[in-house]
Number of protein chains: 2
Amino acid sequence: MCRRDLAIVLVSGGMDSSVTAAIAAIDHALCFLHVNYGQRTQNKEEQAFNALCDYFQPVKKLVIDISYLEKIGGSALIDRSIDVPVGNQVSQQKVPVTYVPFRNAHFLAMAVSWAEVIGASKIYIGAVEEDSSGYPDCREEFYTAFQSAIDKGTKEGCIKIVTPLIHKTKAEIVKIGNHLGVPFQLTWSCYKEEDEACGVCDSCRLRLKGFEEAGLKDPLPYKIKK
Amino acid sequence: MCRRDLAIVLVSGGMDSSVTAAIAAIDHALCFLHVNYGQRTQNKEEQAFNALCDYFQPVKKLVIDISYLEKIGGSALIDRSIDVPVGNQVSQQKVPVTYVPFRNAHFLAMAVSWAEVIGASKIYIGAVEEDSSGYPDCREEFYTAFQSAIDKGTKEGCIKIVTPLIHKTKAEIVKIGNHLGVPFQLTWSCYKEEDEACGVCDSCRLRLKGFEEAGLKDPLPYKIKK
């Protein structure tokens, strides 16, 4: 069973996954997958995910709670003893301390297992390679290799990963989202805070830069004046 | 950080993973990883894992509990509404109903994340392609593809998957294990039962066939006379 019209979208609740969902929605019935993995802003992200479900009305949704990534550790996003870098501390290292080791492989594996069971033929993920944080599991070549693992390791071999934003800049992503009517006010990108976005972590900075370069205003509240 | 002497072994508690651990132990300090995923014989397998830890004395051990594979479903091993086939029902289909969709990709992703954090350079997994159940995620080409995903999707790119049993028959595995002194009496392979092995599920049949062809006696208790 392989339904060409059925797509799983990995929806974190951030800007990139929301725009990815809007792109997937053009041609597919949507199945939304969200993962809580003990990240600092877990509650806020799940709230954003639920708001996006109300907006996009997926035919299926699945929320997976795991604690093992936190147990494994090794990232500022899940280990409270490592600070999330802000401002000039950001991007000093090639791979930032906010990198959660091999995280996207876990998310893809979950999506693939679900796709095999429900018969979805596409897995949309909003990974961004160029204008991004430099995470190794956001590179196009990682997705190409993982696609091959899916082709060889699944029953029917009809499941395809789709990464529509992989070579987009953040400004292009904002423009595409704006064009498709993405409700940016429902999304959440900040790594640190859950009330007002901090405006200075890597994720906030990339998002704000995107809106600025696109000539649009980010509707989210920020602690630090833009 | 990449320690050449440090190897993670995926240890289910079954015959194949125990022999794999014994092979890894020849050249490495061991880190044992076990996953409870809601499978029928979860308690018995964890008991076997703990007994094997006592025997092999790994320098690190990690037990991960997940419930999401059960939530996703699609396999007789995790969905109690699907019977585990026995005797002549076995292997009627190309991929049996005991296949847990893309399961080994989840296990590998966990091992890779852990390897990145602790600096292990090898991941041993006791997958068997030829004399096996026909699961797509037990094929060598799946591991070759997943290796490429690891190379592209991790920080240092020094983590290698090792599948020492991939082209062995069950009889060869029994012989290797016997030669290396594997305590087969501590292991558990049955898909169905936790007291005496059923002797008729796919996993029991393959194991018994292996012992028989190797000319050795399986020390486990079986319900059905061998």
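1. B:Leu77 touches B:Gln39, B:Arg40, B:Thr98, B:Val100 and B:Tyr191, leaving aside residues up to four places away in sequence. The model is a predicted one. B:Leu77 sits in the loop between helix 3 (68–72) and helix 4 (103–118) of chain B.

2. Is B:Leu77 buried or exposed? B:Leu77 is buried, because 25 C-beta neighbours lie inside 10 Å and the cut-off for buried is 20 or more.

3. B:Leu77 can also be placed relative to helix 7. In sequence, B:Leu77 and B:Gly210 are 133 residues apart. In space, their C-alpha atoms are 22 Å apart. B:Gly210 is one of the buried residues of helix 7 of chain B.

4. Helix 7 of chain B covers residues 202–214.

5. Which residues of helix 7 of chain B are buried? They are B:Asp202, B:Ser203, B:Cys204, B:Leu206, B:Arg207, B:Leu208, B:Gly210 and B:Phe211. Helix 1 (15–24) and helix 6 (170–179) of chain B are among the elements that cover them. As background, an α-helix has 3.6 residues a turn, so residues three or four places apart point the same way.

6. Chain B has an open sheet of 5 strands. The strand order is 3-2-1-4-5, and the pairing is parallel. Strand 3 (60–65) and strand 5 (160–162) of chain B are the edge strands, each pairing on one side only. From one strand to the next, the twist averages 25 degrees.

7. One pairing in detail. Strand 2 (residues 29–36) and strand 3 of chain B run parallel over 6 bridges. B:His34 has B:Val63, in strand 3 of chain B, as its bridge partner.

8. Now the two chains. How many residues of chain A are in contact with chain B? The count is 33, in contact with 33 residues of chain B. On the side of chain A that touches chain B, helix 3 (68–72), helix 4 (103–118) and helix 5 (140–153) of chain A each supply at least two residues. Helix 4 of chain A gives the largest share, 9 residues. By type, this side of chain A divides into 20 nonpolar, 7 polar and 6 charged residues.

Note on methods:
Residues numbered from 1 in each chain as written. Chains lettered and ligands numbered in written order. Predicted model: local features only at pLDDT ≥ 70, side-chain atom pairs only at ≥ 80, totals over all residues. Helix = DSSP H or I, 4+ residues; strand = E, 2+ residues; numbered from the N terminus. Expected span 1.5 Å × (residues − 1). Buried ≥ 20, exposed ≤ 12 C-beta atoms within 10 Å, placed from the backbone. Contact = placed C-beta atoms within 7 Å. Nonpolar A, V, L, I, M, F, W, Y, C, P; charged D, E, K, R; others polar. Pairing = 2+ DSSP bridges. Axes fitted to C-alpha atoms, helices over the stretch in contact; angles between N-to-C directions.
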